[in-house]
Amino acid sequence: MTPNDLPYPCSLVFNAGVVKHRGEYVMIFRNDYGTDQAQYETENKKFTGTSIGVARSKNGIDGWVFDPKPLIDSSDPSDDPELRRHYDPRVIKIEDRLYLCLATDTRHGLCGTIAALSDDLTSYRVISRSVPDNRNMVLFPEKIGGEFIRLERPMPVYSRHNERFDIWLSRSPDLIYWGRSELLLGTERVPWVNDKIGPTASPIKTERGWLTLFHAVDRDDARGKNGWEPTWKKRYTAGLMLLDLNDPSKVLAVYDKPLIAPELPAETDEGFRQNVIFPCGMLLEESGEVKIYYGASDTCVCLATAELDDLLNLLK
Ligand code: BMA
């Protein structure tokens, strides 16, 4: 999916969550709008807005039909003067209801928001919001041991310098009150990372455990300018790990290489922030095929597929 596909103004469409729901694939995506590459580079313009849009498809691959207007738009009037924008949506189905996990910029910090989607996918109700700074939240698709579980990525700037941000896990009886938080995966356990990691799509339940992706960032100052931004030097890849079925705070295995690294022209040579792979959706088909939806270069949405058994074999 590229910016030209959308029925409303779009500069970049990326970081999309996808879920199978009532006979169709529902995609919830991020759209940054209000400038183009030439304007951005010459006038150093910022994007004027960010919206969260909805598209549906019969096969999860093509034929996406867009809802006529975005579900959330940063230009919408809000009762809450603290709010600046929502972005990087994950969509999770729990007992036939759809929930969103959103990154939320407020005037006093970055928060994670959990919201319930209305049945017609045209409105949402906020259930809980974290304190700053926290981002990249995702819910498990079912309760485990009677509790809702979320993965999240707090950003501890005083104690963990140089953006060494890790993945944490928290539990809740009702999606409102979150606690009993613990570290799930530290950056030091991911061999190719020298920057930060974060949760991505909702985990998939398999016989061997919860299979889940994470985004993993390495920084290399020698890379130079990569994309529209004058100073973009980071690389985002997708990592893979397996968590215990009954106690997902136990990491059973981490694949020691990136599962997906930028390699196609749209990922390495084109777009706003090149060298970025940012998955927000992962689905298991009955055939054993796994679909992974990721943002490429913060500019378009890509789909990669794999066989479940092949992924599990990487986690021995
Ligand atoms: C992160 C988030 C993502 C984005 C990524 C790479 O910090 O802002 O939305 O895809 O950076 O630019």
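Where is the place of D133? D133 sits in the loop between strand 9 (124-129) and strand 10 (134-139).

## Basis of the model

This is a predicted model: local features need pLDDT of at least 70, side-chain atom pairs count only at pLDDT 80 or more, and totals for chains, interfaces and linings use all residues. Residues are numbered from 1 along each chain as its sequence is written, and side-chain values use heavy atoms, with hydrogens and water left out.

## Overall build

The protein chain has three helices and 21 strands. Helices (H or I, at least four residues) and strands (E, at least two) are DSSP runs, numbered from the N terminus.

Along the principal axes, the C-alpha atoms fill a box of roughly 50 × 45 × 45 Å.

## Burial, contacts and charge

Buried residues make up 58% of the 316 residues. Buried means under 20% relative accessible area, exposed over 50%, and partly exposed in between (1.4 Å probe, protein chains only). Of the contacts with a separation of 6 or more, 53% join residues 24 or more positions apart. Contact means heavy atoms within 4.5 Å.

The chain exposes about 13900 Å², and carbon and sulfur atoms supply 48% of it. Areas come from the Shrake-Rupley method with a 1.4 Å probe; for residues, only the protein chains shown count as cover. There are 39 positive and 48 negative side chains, with the centres of the two sets 4 Å apart. Lys and Arg count as positive, Asp and Glu as negative; His and the chain ends are not counted. Each charge is placed at NZ of Lys, CZ of Arg, CG of Asp or CD of Glu.

## D105 in strand 7

D105 lies in strand 7 (residues 97-106). D105 counts as buried because its relative accessibility is 7%. Its side chain makes a polar contact with the side chain of Y87 (2.6 Å). A polar contact is a pair of N or O atoms within 3.5 Å; within protein, one must be able to donate a hydrogen and the other to accept it, and residues adjacent in sequence count only if both atoms are side-chain atoms.

Leaving out residues up to four places away in sequence, D105 touches E82, L83, R84, R85, Y87 and L110.

## Backbone features

P132 and D133 are joined by a cis peptide bond, with omega about -15 degrees.

D96 is not a glycine, yet has a positive phi of about 65 degrees. D96 is in the loop between strand 6 (83-94) and strand 7. D96 is partly exposed, at 36% relative accessible area. R180, in strand 13 (residues 179-185), also has a positive phi, near 45 degrees. R180 is exposed, at 54%.
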